[in-house]
Amino acid sequence: MNDLGRLEDLPADYREDLARLNLVPLWPNLRTLLPAGHPRPNTRATHWSYKALRPLLLRAGDLTPIEKAERRVLVLANPGHGLERMQASAAMYLGMQLLLPGEWAPAHRHTPNAVRMIVEGEGAYTTVDGEKCPMSRGDLVLTPTGLWHEHGHDGDQPVVWLDVLDLPLVYYIEASYHVDGERQKVKPGRGDRAYARAGMVPTPVFQRAASAYPMLRYPWANTRAALEGLAAESSAENAIQVTYVNPETGADVQNILAYRALMLRPGETLRLPARSPAAVFHLIQGAAEVRIGEQSFGLDESDTCCAPGYAVVTLSNRSAASPAFFFVADETPLHQKLGVYEQRH
Ligand SMILES: [Fe+2]
């Protein structure tokens with residue numbers, strides 16, 4: 001590969017003339033923009049320990065009342081992007097959010113899509129588009145783009161959840177904004193009950209649902225049962241993984257990020273292929289090791305880690321007696337829609 005000319009090789013007066021006319025020479029930047037063979041991601045393999053962050057999150061509950069925070073969140077920021085950018089990967093934002101008993105995080109809606117994976121506590125709920133979704137550990141609750149949502153808490157212990165948003169991407173394309181609203185009126189009916197059985201969808205008077213987001217809550221009890229059912233049906237060499245889908249279309253639940261759950265059998269090691277999208281692994285239950293390229297992290301319950309795209313990821317269950325359960329978020333729908341999706345080996 002030829003060495004290309006550098007910026008400092010050019011005379012100062014020439015560079016000044018270019019800058020004055022808002023012009024930039026391409027060749028000194030060409031290899032950075034188009035590196036050879038594969039990208040050079042800013043996203044770094046990063047691990048966030050729940051045990052380490054939990055006291056700091058609870059302390060935020062003492063330091064900052066909900067009225068002064070609106071959303072009381074510690075952002076899981078990837079140092080490869082710079083902490084101030086508050087992003088886990090190019091397209092993913094992660095935050096640990098705390099809601100204390102009796103608190104209310106007021107209604108708003110925004111262009112980025114969000115989901116919440118509930119980490120601990122009982123009694124909180126998210127009202128999304130008028131549907132009151134209870135939040136229990138391991139549940140996935142969607143707040144898709146444009147839908148009103150607010151959080152309340154009728155329980156007596158702190159509730160914590162992991163927020164995953166496509167905020168960095170939506171912000172990057174200069175489409176990120178929010179609108180504040182009034183407390184929502186709760187409507188009767190819950191999507192997780194209407195779509196409780198796989199293979200069947202409601203069709204009142206032969207009509208399929210018109211909603212783009214017919215199911216907003218995916219209870220952990222169902223996800224876990226699906227994984228265990230799959231494990232009972234599969235031979236030992238088959239991975240046990242499910243994807244959260246829109247039950248009307250079978251497509252990913254949101255347009256930009258995909259959400260999945262994965263089970264490792266006792267003692268199982270699973271090598272995932274190198275794929276172009278970055279991925280986030282959050283351990284719902286068990287004890288695991290996650291190897292990302294040359295780095296290795298021990299994950300305890302409720303720990304989270306992030307892998308850049310094009311990295312080989314190997315997941316291992318550290319227990320020989322119990323299964324391990326992961327929640328996975330990744331940028332696959334985005335890469336597929338843009339036509340840049342790749343799986344290498
Ligand atoms: Fe929100």
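## The second largest pocket

Welcome to this model: helix α7 (220-233) and strand β13 (240-243) each supply at least two residues of the lining of the second largest pocket. Helices (H or I, at least four residues) and strands (E, at least two) are DSSP runs, numbered from the N terminus. The biggest contribution to this lining comes from α7, with three residues.

The volume of the second largest pocket is about 510 Å³. Of the 18 residues lining it, Tyr195, Ala198, Met215, Tyr218 and Val245 are the closest to its centre. A pocket here is an open set of points on a 1 Å grid over the protein atoms alone where a 1.4 Å probe fits, with protein on both sides within 12 Å along at least five of seven lines; lining residues have an atom within 4 Å of a point.

## How the model is read

This is a predicted model, where local features need pLDDT of at least 70, side-chain atom pairs count only at pLDDT 80 or more, and totals for chains, interfaces and linings use all residues. Residues are numbered from 1 along each chain as its sequence is written, and side-chain values use heavy atoms, with hydrogens and water left out.

β6 pairs (at least two DSSP bridges) with β7 (residues 131-135) in the antiparallel sense over five bridges, and Thr127 stands opposite Lys132 in β7. Five bridges also join β6 to β9 (residues 149-153), again antiparallel; there, Val128 has His149 as its bridge partner.

Conventions:
Points joined across faces, edges and corners; volume = space filled by probe spheres on them.
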